[in-house]
Amino acid sequence: MIEETYSGVRRGPLAAGDWVRLTDSKGRKHNICLEAGASFFTNKGEIKHDALIGREEGFVVTTQAGAEYLVFRPVMSQYVVSMPRGAAVIYPKDASQIVSAADIYPGARVVEAGAGSGALTCHLLRAVGPNGSVTSYEVRDDFAEIARRNVEQLFAGPHPAWNLVVGNLAESSHDGDVDRMILDMVDPWEYVDLAGRALVSGGFVCAYVATTTQLSRVVETLRAHGEFTEPQAWESLVRDWHVEGLAVRPDHKMLGHTAYLVTARRMAHGERAPLKKRRPAPGAYGPDYTGPRPPGVTPET
């Protein structure tokens, strides 16, 4: 049963229609949707869905061949990396950073462009709750449909706070009615002026970009706009650890670079942000630099 908080969390015994995650002794995982009378087949034997339905999650099921599988409902961070994809998903490590650094709160009015496969949308909807709003723009019909299916699967139907728009953010009519704007697109710098018009004073813009050239362009465009605070740019890397008695060491694999994040805060409309006190590094804005320049910075600076 899903709670009417629109959290996407189900409690109680497993039921037909619930998704479960099966994990074997080597950590290999399978996500299945429970269906009365159905079976799931592995290379280690059959698991009957009826043997899972009606039980409280957090138990071990054994196949006919004697293999053991741990059974839980997947949490959202597991769900979003395993759901069907059109566009690449924003990984939980970045989605959680966006929710925290952009201060997404219950009741917030959030604009997201684009929706992709709906991974970040799920995090945003859980953060704003049923009394907030998330308006997601996606230019591709096929991606929008995948996102819709993924989001509605998690929340067991349409979420009252979500408005999915198939179209370009540039065609929107937001004017001072947005608390947070998330830009997951190839050219977020093209939408900085739009973000400036749409955001309330004190609102956040957050850009998600894959390359350093994109990172530089969006940061410098925010600076040149003049009515955003100094942009903050970073990336997060996640490394597991192997812990076994005295054998304690970093894992051989890690979740490294996925994207860069940039946040900046909207000044009151008409107010200019203070200029940076420190001088740019030598050559930072020299003759070879062709991007936007902060106020007062020339090629000779």
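Glu227 touches Arg265, Arg266, Met267, Ala268, His269, Gly270, Glu271 and Arg272, leaving out residues up to four places away in sequence. Touching here means heavy atoms within 4.5 Å. This is a predicted model, where local features need pLDDT of at least 70, side-chain atom pairs count only at pLDDT 80 or more, and totals for chains, interfaces and linings use all residues. Residues are numbered from 1 along each chain as its sequence is written, and side-chain values use heavy atoms, without hydrogens and water.

Where does Glu227 sit? Its place is the loop between α6 (212-225) and β12 (232-234). Helices (H or I, at least four residues) and strands (E, at least two) are DSSP runs, numbered from the N terminus. Glu227 has a relative accessible area of 14%, so Glu227 is buried. Buried means under 20% relative accessible area, exposed over 50%, and partly exposed in between (1.4 Å probe, protein chains only).

Now turn to helix α3, residues 119-128. Of its 10 residues, 9 are buried. Among them are Ala119, Leu120, Cys122 and His123. Just after α3 comes Gly129, with a positive phi of about 75°.

The structure holds 1 cavity of 30 Å³ or more. A cavity is a set of points, on a 1 Å grid over the protein atoms alone, where a 1.4 Å probe fits but cannot get out; lining residues have an atom within 4 Å of a point. The largest cavity has about 60 Å³ of space. A volume is the space filled by probe spheres set on the points. Ala119 and Leu120 are in the lining, which also includes Glu112 and Asp184.

Definitions and conventions. On a 1 Å grid over the protein atoms alone, a cavity is a set of points where a 1.4 Å probe fits but cannot get out, and a pocket is an open set with protein on both sides within 12 Å along at least five of seven lines; lining residues have an atom within 4 Å of a point.
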